[in-house]
Amino acid sequence: MNLFLPVNLSVRKNIALLFIIAGGLLTAGRANAAAIDGLKCEYLINPLGIDAVHPRLTWMLNDARQGALQTSYQLLVSTDSVGLTKDAANTWQTAKVKSEDNLITYAGSTLQPFTRYYWRVTVWDDKKNKITSDIASFETGLIEKSNWKGTWISDSRGPEVKQAPYFRNVFELGKKVKSARAYIAVAGLYELYINGEKIGNHRLDPMYTRFDRRTLYVTYDVTAQLQTGKNAIGVLLGNGWYNMQSTAVWDFHKAPWRNRPAFCLDVRVTYEDGTVETLSSDRKWKTSGSPIIFNSIYTAEHYDARLEQPGWNTANFDDQGWRGVIPRPAPSANIVSQAMQPIRAIEKIDAVSMTKQDDHTYLFNIGRTIAGVTKITVSGEAGTVIRLKHAEKLGANGRADQSNIDVHYRPTDDKDPFGTDIFILSGKGRETFMPKFNYKGFQYVEVTSDKPITLTQSSLIAYFMHSDVAPIGNISSSNTTLNKIWSATNASYLSNLFGYPTDCPQREKNGWTGDAHIASETGLYGFDGITIYEKWMADHRDEQQPNGVLPSIIPSDGWGYEWGNGPDWTSTVAIIPWNLYQFYGDSKTLNDNYDAIKRYVNHIDELYPSGLTTWGLGDWVPVKSVSPVEFVSTIYYYTDVNILAKAARLFGRVDDEQKYTAIALKIKNAINAKYLNTATGIYDKGYQTELSMPLYWGVVPDELKAKVAANLAERVKQDNNHLDAGILGAKAILGALSDNGYADVAYAIASQETFPSWGWWIKNGATTLYENWDVFAKSDLSLNHIMFGEIGAWYYKGIGGIKVDPTSPGFKNVLLTPAFIAQLDHFESDHTGPYGKIISSWRRDGGTVKYSVTIPANSTATVVFPAGSKVTLKDKQIADVNGLKIASGSYEFLVN
């Protein structure tokens, strides 16, 4: 997809839509009752603890009628849910607004902290029907840091101490509780308990940030856990990225923020009589060591069950031997709500096999590569030391082999083995261990013990963990390999989504910028991940230096500001906000990042006034042909400036629009002047990357696009329809071909099953995407990398043909450009956008293709059929097959 193609296929008022021109398609009356669904605040369902003072409210019109359209809306927001049912709102009530918009920013009375607001929307459709939603809610958090009452506390031990600390406090509640909320901010990781019960099902909270610049707090409804009388709160702290005790090449153990974990807690209790009491962390709390004797989010967790203190988080526990706490400064001055989908243990996975080598050694295979943790249940003698070594592959000896994932680890001793949990038994019958403050990338788990133990295949269970983003896309086809590639792509995407996008879940767990922008469309087609990306863009703003420079990994301890951070990688600052705007129709993140993009672009312009930049890593991990760094990185520089110019136009910044449009043209002309042979239509040496990137990112002059695309198709054929590209070329090549009339050539690449190809990985047993085309490579061979993940997005765009319309973002108008690939019998694709589910599916029936389309209510579509197609709908031939405009609803076209 070329985001910068200057076409205008927007469908708006006064257009002769298909349901009119085809005749008889718009049925009288209402086939299905319409409803308002999907009410969200800040892209979350009934969120607790938001800090946004102007939250965004969104909804969908669910109406299967052809041509169903929202013509007006009215929003009501109130602290009184009963009044809301009577159309009375005490906070905000809009007029009946004539608009098709379903994304509205709150503009009522000033929102107060610690307050639940109820809201509903009424919509009028094109038939003047009035449709009212159910009531939804959102609840504010602290909003201002001055509303915190608690003290930041920790134990008195230093950052080198390995044992994780427990904290507890006992308090009395003398009245009946109406509601209660816990607000907890942590430097590190935590688990929160009240009266012995773990609160919530989140994992690895809070999400990783640049701790000395922004710290996140999490809100819980704890009404059900509190009781009249005596209560106890318990907190267990882990290190996370805040106190890295493992040593690797990125020097996180030297992070400027590093310290012993600490926390601040407020439990705000509202009684039935209307009074409010806040119970907070302070000097009265007590602390002790926990059974977690070591924890590193990078390597593993060690647990000594002999140190367990049963009931430590309950009211009647004897804590006389516990120590006092110390106050600590807040890690940053910016404590804000974690308004995003949390990490959870999403899927339980049983082992598919277990091999016993002897009474001390067992090998478990969970059947596929994941990111997550394992849980083991075992009995044994007290003091028995069990090691669980996690690996993605097996060595020649059949044992767990970590040689592909431990290469950047720099241990100082043998006490912290990579990817290896250590469980020391208490000897008290059946015991279970699952790490709390770590995750790993693995398929195999080798369990060894220093004393004999007995395990069965059911003794070990794996849990797939990731940010809990809802699936919103689906792909299916008649090609089994394609289906497996799509599944593997999703598995790698999710394995690398832990509150920020990562490169791999084992060797690094770093927020590599290049990997993330390459895979962002794949993620946005498949998952509702806007909250994760918005948080990560805030991480970008935290990390950006005053001159505009960004590090190559974000968040960062300071590593990556001088290596790997040219435009080909750190274009995330522009590309991801632009993609969010395109997919959601929401410009907030683009606006939030505007100044950051501007500083970034200005810095490059100052360093490289010619328009050509050599700053970058280049086309990483190529097959054989290497393209100039200057060429590929300058194309990304052009992309960033182009986005900035478009953003300036969107926000009405006329001077900026003129300035950056001119700079973009300068860069484009410089690329073409140096690298394009206008006579032949060849860029540089004519490699796949050199032909596909200019096409994909809109650098090729309009009059030469056909020639360059033909050269690219020919080059692919010369390469035996196989890839010869690194990650930047692989990002561009499929779309460059499909968008320029060569979908069959793109499919030939995508469906290959021999080296080098995605299918080659699948044929060699892959269940995730790899880091290297060569499955036998001696280095750079993580088996769970997302950097070649653009193929997932291409399925939606290149075969299903579901594309955003740059002139009508958020799929308000859908561009449909299906490719009826000769080698496929059927292909199904769907994506749920801001207006509902879009379906683009086709199936062969002899010499005819049956093409089925569904466009959600309140949106439209423009359909472009393959050149030369004869298209009929309900026995009527369609004349305009190169830009057919249709209204919402379902259609079945016959294509010959």
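**Notebook: cysteines, a glutamate and a sheet**

I began with C264, which has a relative accessible area of 2% and therefore counts as buried, since the cut-off for that word is under 20%. I keep in mind throughout that this is a predicted model.

Next I looked up C504, which has 0% relative accessibility and so counts as buried. I then searched for disulfides, taken as pairs of cysteine sulfur atoms within 2.5 Å, and the count came to zero.

I turned to E543, which I found in helix 5, the helix covering residues 530-543. Is E543 buried or exposed? I noted a relative accessible area of 1%, so E543 is buried.

I listed what E543 touches, leaving out residues up to four places away in sequence, and among them are R210, R213, P551 and Y561. Within this surrounding I looked for polar partners, and I found that the side chain of E543 makes a polar contact with the side chain of R210 at 3.1 Å, while the backbone nitrogen of S556 lies 2.6 Å from a polar atom of the E543 side chain. I also checked N784, which is 241 residues from E543 in sequence and 26 Å from E543 in space, C-alpha to C-alpha.

Last, I looked at an open sheet of three strands, whose order is 1-2-6 with antiparallel pairing. Its edge strands are strand 1 (35-41) and strand 6 (103-105), each of which pairs on one side only, and neighbouring strands are turned by 20° against each other on average, direction ignored. I followed strand 1 to strand 2 (residues 56-62), where the two pair in the antiparallel sense over five bridges, and I noted L61 in strand 2 as the bridge partner of I36.

How values were computed:
Residues are numbered from 1 along each chain as its sequence is written. This is a predicted model: local features need pLDDT of at least 70, side-chain atom pairs count only at pLDDT 80 or more; totals for chains, interfaces and linings use all residues. Side-chain values use heavy atoms; hydrogens and water are left out. Helices (H or I, at least four residues) and strands (E, at least two) are DSSP runs, numbered from the N terminus. Buried means under 20% relative accessible area, exposed over 50%, partly exposed in between (1.4 Å probe, protein chains only). Contact means heavy atoms within 4.5 Å. A polar contact is a pair of N or O atoms within 3.5 Å; within protein, one must be able to donate a hydrogen and the other to accept it, and residues adjacent in sequence count only if both atoms are side-chain atoms. Two strands pair if DSSP finds at least two bridges between them. Axes are lines fitted to C-alpha atoms, for helices over the stretch in contact, and angles run from 0 to 180 degrees between N-to-C directions.
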